[in-house]
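Please keep the sequence and the 3D view at hand.

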Amino acid sequence: MLGFLKQPVVVTAEINVNLVALTVMGLVNRLWALSYPRAVVFDEVYYGQFVSLYMKRIFFVDDSGPPFGHMLLAFGGYLGGFDGNFLWNRIGAEYNMNVPIWSLRLLPALTGALCVPLAYQILVELHFSHCAAFGAALLILFENSLITQSRLMLLESVLIFFILLAILSYLKFYNLQKCSPFTAGWWFWLLLTGVACSCAVGVKYMGLFTYMLLLAIAGVHSWHLIGDQTLSNVSVLCHLLARGLALVVVPVAMYLFFFYVHLTLLYRSGPHDQIMTSAFQASLEGGLARITHGQPLEVAYGSQITLRNVLGKPMPCWLHSHKSTYPIRYENGRGSSHQQQVTCYPFKDVNNWWIVKDPGMQQLVVSNPPRPVRHGHIVQLVHGITTRYLNTHDVAAPLSPHSQEISCYIDYNISMPAQNLWRVEIVNRELDTDVWKTILFEVRFVHVNTSAVLKLSGASLPEWGYRQLEIIGEKLSKGYHQSMLWNVEEHRYGKSQEQKEREVELHSPTQADISKNLSFMARFTELQWKILTLKNEDTEHKYSSSPLDWITMDTNIAYWFHPISGAQIHLIGNVLTWASANVATLVYVCLFLWYLLRRRRKICDIPEDAWRLWVSAGGLCVGGWAVNYLPFFMMEKTLFLYHYLPALTFQILLIPVVLQHLTDHLCRSQLPKNAFSALMVAWFSSIYLVYRTFSPLTYGEPTLSAAELRALRWKDSWDILIRKH
């Protein structure tokens, strides 16, 4: 029984020394003096704010992309014991001892370092030589722009890491497909492909480009699989279902999980939640939730309510009125009704309160039991403080002459009767008999007499309107828009019939007995929509650039400048590597077209295996460069040089592909091969020399003199900062 103990237990392991050496070099290259400079560098001022909000569990919205990348940076802060107390207000601000800057920069640096061995493995999985793979890794290792980006609290290195991991995982899966499908290793690499893709998209939406490329490649491979007559129908179906599960279902589930963690962590109200709906705000601790917690859910006749416009643009605002009237005549000579102004006011105010009145009764209090307002009911809206009725009529709005004026009716006894009946239409109702509910339901008020809809125009009124936003009556035939939708934010059951008692009641806090909670999917949908549609005004930045500037690196970015010593950090690439990448791309495209045309004439210049390798490697590298670069020509946003780095990474991988192809198939005798090898040694040495030349601008040290800085300005378009004494 214990016979197995008679023999020693032996564990055998194969160690790829190349891989270990590259990993160590990558770690040293990226982690060396990581805490320097101990100051805010460029976009650290942007990402640091979100890290602080994570530490304090305060909700925020970042329109630049999903939350996974921010959570990874915050995780570094958590490991370092960061409490979020630092004012991220300017680039160059010195970090205090409270900020664990090494921990905050650690994750981008680690992912940047791991890109080096990943590049090596990708070339090996593409069936290129270990020499070519080692060359690809060294090119990534000595690329100054990738080093700079990975040594700071930024996300591009994290994005590139997950992109390369997804590529490598799919290649390993595809190679296993030929010999051992549905094994543990096969499933592992397939699932890891989906996970890495979802992580890339979760860091930045730029990850979608590579994800789409991999889906296209997987689609082509699946199409070939369907045509494989050696596989049964059941086997083909299992293959397709496995790919659908790993490459579609898993990424979607992971993406939702990122938002679930994000919303779970950020449960406190903060400055960004004003752009969210009332229902979303009410789900956060503090802020609106503190006001609305437990207030009556169903709106009844006699309810006192505040109405928030759903659109929230140009800013969140509430239906509002005050004692001031519209001017008798506007500056352009048009006349008004001279009745009480109705506006949309972007602040909490007692004049935002309205009372829902039954047109057939005079009472302004809620009966016992309450009579709920349902979809399709006719109501009057009475302004709580002035007790005037919300009204519209055939008078042009002050700034929107093709729409109707909205006012609070004043009886001037001039044959202008009140038109103050409004039909309540619940837009997101489930049944036509639904009761109007606070927070959750979005309603539209349709004027009974004219069919005009109560709408926020978004225009700002002149001084006579206190710069508040214009409210108009828009004809229903002109369509549907969020600016026509309103939701009840604050709500109480009115108890006071007398005006003085009612004013006291309106000034008092709302009381509550019913709570409202949004489901995760409702919160996710709203937040995702805000991320996709909320756009800050893009302004021209000193270091912004166009995609055409990136290929030839005609631009750079000054990330940091020490005001005393003059030390500085720039996003600037290895000039020789960038030029070589462009040449490799051009050579590949020309050779590909040449081979394609020759093969059309039944002339095969290279063996079939070499052709398939050439196509697959080029499809991946050139395709990866194209999908990560060309879309920027269609984007209307402020662009920077670092947006090109994922595309550049694919270009760098292409360089050894082209070089090995030239060596194997164009240098046919030993003499040209020896000469080509010597040329490659000289070329690699030059790349290392350029890397060392620009390393003071990559690492920020040593400090260079003005003459040395001028010598590094290899292009007139580069902005190298030189102190004037």
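## Cysteines and strand E11

Cys115 counts as buried, with a relative accessibility of 5%. The model is a predicted one. Cys115 takes part in no disulfide. Its nearest cysteine sulfur belongs to Cys199, 14 Å away.

How many disulfides does the structure hold? There is one. It links Cys317 and Cys344, with the sulfur atoms 2.2 Å apart. The torsion about the S-S bond is about 90°, so this disulfide is right-handed. Cys317 sits in the loop between strand E1 (303-309) and strand E2 (318-325), while Cys344 sits in strand E3, so the pair ties together parts 27 residues apart in sequence. Cys317 is buried at 0% relative accessible area. Cys344 is buried too, at 0% relative accessibility.

Cys408 is in no disulfide. The nearest cysteine sulfur is that of Cys344, 13 Å away. Cys408 counts as buried at 0% relative accessibility.

Now to strand E11, residues 469-475. Six of its seven residues are buried, so the strand is mostly covered.

| Strand | Bridges to E11 | Direction |
|---|---|---|
| E3 (residues 340-345) | two bridges | antiparallel |
| E7 (residues 404-408) | two bridges | antiparallel |
| E10 (residues 452-460) | six bridges | antiparallel |

Individual partners can be named. Glu405 has Ile472 of E11 as its bridge partner. Leu456 stands opposite Ile471 in E11.

Note on methods:
Residues are numbered from 1 along each chain as its sequence is written. This is a predicted model: local features need pLDDT of at least 70, side-chain atom pairs count only at pLDDT 80 or more; totals for chains, interfaces and linings use all residues. Side-chain values use heavy atoms; hydrogens and water are left out. Buried means under 20% relative accessible area, exposed over 50%, partly exposed in between (1.4 Å probe, protein chains only). Helices (H or I, at least four residues) and strands (E, at least two) are DSSP runs, numbered from the N terminus. Two strands pair if DSSP finds at least two bridges between them. A disulfide is a pair of cysteine sulfur atoms within 2.5 Å.
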